[in-house]
Amino acid sequence: MKDELKYGIDSKPGFSMSLLLAFQHILAAFAGIIAVPLVVCSALGYGITETSAMVSATIFASGITTILQSRGAGPIGARVSAMMGTDFTFVNPTISVGSKFGIAGIVAATMSGSLVEIILSRFIRPLMKFFPPLITGTVVSLIGITLLPVSIDWAAGGLGTDGYGSLKNLGIASLIMIFTLFLNHYGKGILSSAAVFIGMIFGYLICIPMGMVDLLPVQEAAWISFPNILHYGFKFDLASTLSFVPAFVVSTIGTTGIMMAIGEASDIELSGERIAGGVLADGVGSLLSGLFGAGPNTSFSQNVGLITLTKVASRHIMVLAGIILTMLGVFPKLSALIAVMPQPVLGGVGVIMFGLVAAQGIKTLAGIHLGDRELLIVSVSLALGIGVTVRPEILNGLPEALKMILSSGISTGTLAALMLNIVLKDRRTQKQNP
C-alpha cells in the first residue's frame with residue numbers, strides 16, 4: 001500500500017502554501033542551476049560582465065523551461081512536477097566550443113544541437129515497452145545513488161574548499177539533516193510539507209553569525225538585468241554542433257529516467273507520450289536557452305527526492321517555481337542571496353532527498369519477482385552505474401563521443417539494464433512458449 005500524497009500532481013494548494021513549496025524546490029535546485037555557467041565562465045576566463053550575464057540568462061531560461069515542462073504546451077512537456085536547469089554533462093563541450101568561438105559559438109551549438117534531442121523525443125514512445133518495472137526500478141535507484149556523492153560533498157563544505165570535511169561543516173549538515181527529518185516526520189501540515197525549506201532557512205540563519213555567509217556577491221550584483229536575445233551573436237560551426245550531440249543523447253536517456261522517477265514519486269504511471277513530451281521539453285528548452293545566451297537545458301533529478309520526502313507532487317507548484325526563477329533571472333541581487341547559501345546547508349537536506357530517490361527505486365524492485373535473471377540485470381547495471389560515478393577516470397581511454405555518453409552513471413547503468421534485459425532471455429517465458 002502506497003503512502004498517500006498530500007498534494008497530487010494536479011492539486012492546487014492555496015497561494016501562500018504554493019509559494020512556500022515553490023521556494024523549497026528552488027532552494028533545492030539553485031546551486032545546480034548556477035554551477036555550470038560559473039564553471040564554464042571561470043574555465044574560459046570571462047570577466048564579471050559576461051559571467052553575470054550568463055548566470056542571469058541561465059536562471060531566466062531555467063524558469064521558462066520549468067514552466068514549459070510542468071504546465072505543458074501542446075506536445076511539449078510531461079506535465080509533471082519537474083525542475084529544469086543546465087547539467088554538467090554539457091560542461092566539457094561548452095568549454096571546448098567557447099574557447100574557439102566564444103559565447104556566440106556556445107549559443108549556436110546549443111541551439112543547433114538541441115534539434116537532436118527534439119528528433120529523438122519522437123522515438124521515445126515506441127521504446128517505452130523496453131522499460132518494465134525491473135528497468136524503471138533500477139534506473140530510479142541509480143538516479144538516487146549517483147547523486148549521493150554530490151550531497152556528501154555539499155555536507156563536507158564543497159569539493160576543493162579549504163574546510164572540506166571539517167567538524168564545523170559536518171556538524172552543521174548533521175544538525176540540519178536531523179532537524180529536517182524530525183520536522184518532516186513529526187510536524188503537521190505546513191511544517192511537514194515545507195520541512196526542507198524551513199530546514200534550509202534554519203541552516204542559513206545558523207551560518208550567518210558563524211561567518212559562513214559571504215554577502216559581498218549580493219552587494220556587487222546588479223538590481224535588474226534583462227537577458228538579451230542573441231546578444232553575443234550566433235556563430236555556427238558543424239564540428240561544434242557535433243561535439244554537443246553525445247551530451248544531448250545522454251540528456252535524452254537521463255530525462256527518460258527522471259520522468260519515470262517523478263512518476264514513481266507522484267504515484268502515477270506516465271505514458272510513453274508524456275515521457276516523450278518531457279524529452280521534447282528538454283530539446284525545446286535548450287533551443288530557448290541558447291536564444292537567451294544560456295547553455296543547454298535538461299530535467300533536474302535533485303527535485304525528485306523532494307517529492308518523495310514531502311509527498312507534494314503538484315505540478316502547479318512547480319509552475320510557480322518556474323515563474324519565480326524567471327523573476328530571479330531578472331533581479332540578480334535576489335538570485336545572489338540564494339547563491340551564497342553555505343554548502344553544508346544543502347548537504348543536510350540533500351542526503352535525505354537523494355537517499356529517498358534510491359529507496360523509491362528499491363521499493364519498485366521489491367514489488368516484482370527477482371529471480372536469478374533479474375538479479376543479474378540489477379546488480380550489473382548498478383555496479384557499472386556506480387562504478388562510473390565514483391571512478392570516472394576509467395573512461396579516459398575511450399573515444400570522446402563514447403566517453404561523453406557513458407560519463408553519467410545514470411546513462412551507463414540505464415544502457416546496461418536495457419541491453420541485458422534484451423540479451424538475457426526470460427527462461428520462464430521460453431518454457432511457457434516452446
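Analyst: In this predicted model, helix 1 (residues 15-44) packs against helix 3 (residues 91-120) at an angle of about 70 degrees, and their axes are 10 Å apart. An angle from 65 to 115 degrees counts as roughly perpendicular, and helix 1 and helix 3 are therefore roughly perpendicular to each other. The crossing of the two helices is right-handed.

The contact can be described residue by residue. Helix 1 contributes Val36, Val39, Val40, Ala43 and Leu44, which meet Val91, Thr94, Ile95, Gly98, Ser99 and Ile106 of helix 3. Among the residues of this contact, 8 are nonpolar, 3 are polar and none is charged.

The largest nonpolar core has 84 residues, of which Ile26 and Met83 touch the most other members. Helix 1 gives the most to this core, with 11 residues. A second, separate core has 17 residues, including Val36, Phe90, Ile103 and Ile106.

Finally, Ser11 is located in the segment before helix 1. A relative accessible area of 24% makes Ser11 partly exposed. Leaving aside residues up to four places away in sequence, Ser11 touches Ser314 and His316. The C-alpha atoms of Ser11 and Val312 are separated by 9.1 Å, although these residues are 301 residues apart along the chain.

Notes. Residues numbered from 1 in each chain as written. Predicted model: local features only at pLDDT ≥ 70, side-chain atom pairs only at ≥ 80, totals over all residues. Heavy atoms only, no water. Axes fitted to C-alpha atoms, helices over the stretch in contact; angles between N-to-C directions. Helix = DSSP H or I, 4+ residues; strand = E, 2+ residues; numbered from the N terminus. Parallel < 35°, antiparallel > 145°, perpendicular 65-115°, else oblique. Left-handed = near helix turned anticlockwise from the far one by under 90°. Contact = heavy atoms within 4.5 Å. Nonpolar A, V, L, I, M, F, W, Y, C, P; charged D, E, K, R; others polar. Core = buried A, V, L, I, M, F, W, Y, C linked by side-chain atoms within 4.5 Å. Buried < 20%, exposed > 50% of the residue type's maximum accessible area, 1.4 Å probe, protein only.
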